[in-house]
Amino acid sequence: MTLAVPERSATATPVLLKVPEAMRVLSLSRTVIYDLIRAGRLRAVNEGRARLIPVSAINEYVALLEREAGAGK
């Protein structure tokens, strides 16, 4: 699955997203994003004081949701 990420420049594809960018990509609120991070369902890294979410972590979270949806059938 390919993730559409917010456009920054024509030359670089972002690898890490700030929380507001992750909110837009996942269509979730700030509170839900931080709840997912605390619960261990969405990985995040810290760089200084910044909380960043790897694009790979967003892809993994979406795959987790798909697996959970499939398991319910």
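Reader: Why is Pro 20 called partly exposed?

Author: This is a predicted model, and in it Pro 20 has a relative accessibility of 41%. Buried would need under 20% and exposed over 50%, so 41% falls in between and Pro 20 counts as partly exposed. Pro 20 sits in helix 1, and its C-alpha atom is 9.8 Å from that of Leu 52, a residue 32 positions away along the chain.

Reader: Which residues meet where helix 1 touches helix 3?

Author: From helix 1 there are Ala 22, Val 25 and Leu 26, and they meet Ile 58, Tyr 61 and Val 62 of helix 3.

Reader: How does that contact split by class?

Author: Six nonpolar residues, no polar and no charged ones. Ala, Val, Leu, Ile and Tyr are among the types that count as nonpolar, so that is how the contact comes out with six nonpolar residues. As for geometry, the two axes come within 12 Å and cross at roughly 35°, and the crossing is right-handed.

Reader: What makes strand 1 and strand 2 edge strands?

Author: The open sheet has three strands in the order 1-3-2, with antiparallel pairing. Strand 1 (16-18) and strand 2 (45-47) each pair on one side only, and that makes them the edge strands. On average, neighbouring strands are turned by 45° against each other, direction ignored.

Reader: How do you know that strand 1 and strand 3 pair?

Author: Pairing takes at least two bridges. Three bridges join strand 1 to strand 3, so the pair meets that cut-off. The two strands run antiparallel, and Leu 17 has Ile 53 in strand 3 as its bridge partner.

Reader: Which strands does helix 3 touch when it packs on the sheet?

Author: Helix 3 touches strand 1 and strand 3, and its direction makes about 55° with that of strand 3.

Conventions: Residues numbered from 1 in each chain as written. Predicted model: local features only at pLDDT ≥ 70, side-chain atom pairs only at ≥ 80, totals over all residues. Heavy atoms only, no water. Axes fitted to C-alpha atoms, helices over the stretch in contact; angles between N-to-C directions. Helix = DSSP H or I, 4+ residues; strand = E, 2+ residues; numbered from the N terminus. Left-handed = near helix turned anticlockwise from the far one by under 90°. Contact = heavy atoms within 4.5 Å. Buried < 20%, exposed > 50% of the residue type's maximum accessible area, 1.4 Å probe, protein only.
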